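Subject: Structure for you to look at

Dear colleague,

Please keep it open beside the text as you read.

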Amino acid sequence: MEVPGSSKKMIATQAEMVSNRVPLAYRDQCAHLLIPLNKCRQSEFYLPWKCEDERHSYEKCEYELVMERMLQMQKIREEEARSKQKSPAQAQQPIPLIPNTANA
């Protein structure tokens, strides 16, 4: 399964995520790293100094996804700025807050 606009592919399947009870908000391209991290956390009673390697790899994956989305948004903003510079005559007039009445 591939996510549009992302360079990373989904490795974990929906069935794997459901069987490992991954919350919907965390079912992204890094879910395949979250599954072993959660198993390690449960087996180690959520001690913060345990499972550091798994946590680091998961957080790095999430960071890369965020940076990728930020770059995509920056490209979109640059394209919008270029299109506004090319056609300033088509710029929409703001809607007046106080409408003009016929008899005023």
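A helix here is a DSSP run of H or I with at least four residues, and helices are numbered from the N terminus. With that in mind, Glu 78 and Arg 82 both belong to helix α3 and, being 4 residues apart there, are separated by about one helical turn. Please remember throughout that the model is predicted.

The side chains of Glu 78 and Arg 82 meet in a salt bridge, with 3.9 Å from N to O. Glu 78 counts as partly exposed at 37% relative accessibility, and Arg 82 is also partly exposed, with a relative accessible area of 45%.

Helix α3 holds another such pair, Arg 55 and Glu 59, which lie 4 residues apart, about one turn of the helix. Their closest N and O atoms are 3.7 Å apart in a salt bridge, and while Arg 55 is partly exposed at 31% relative accessibility, Glu 59 is partly exposed at 43%.

What does Lys 8 form a salt bridge with? The partner is Glu 64, and the closest N and O atoms of the two are 2.7 Å apart. Because Lys 8 lies in the segment before α1 (14-19) and Glu 64 in helix α3 (residues 52-86), this pair ties together parts that are 56 residues apart in sequence. Lys 8 counts as partly exposed at 22% relative accessibility, as does Glu 64 at 33%.

A search of the whole structure finds 4 salt bridges, including the pairs described above.

Conventions
Residues numbered from 1 in each chain as written. Predicted model: local features only at pLDDT ≥ 70, side-chain atom pairs only at ≥ 80, totals over all residues. Heavy atoms only, no water. Helix = DSSP H or I, 4+ residues; strand = E, 2+ residues; numbered from the N terminus. Buried < 20%, exposed > 50% of the residue type's maximum accessible area, 1.4 Å probe, protein only.
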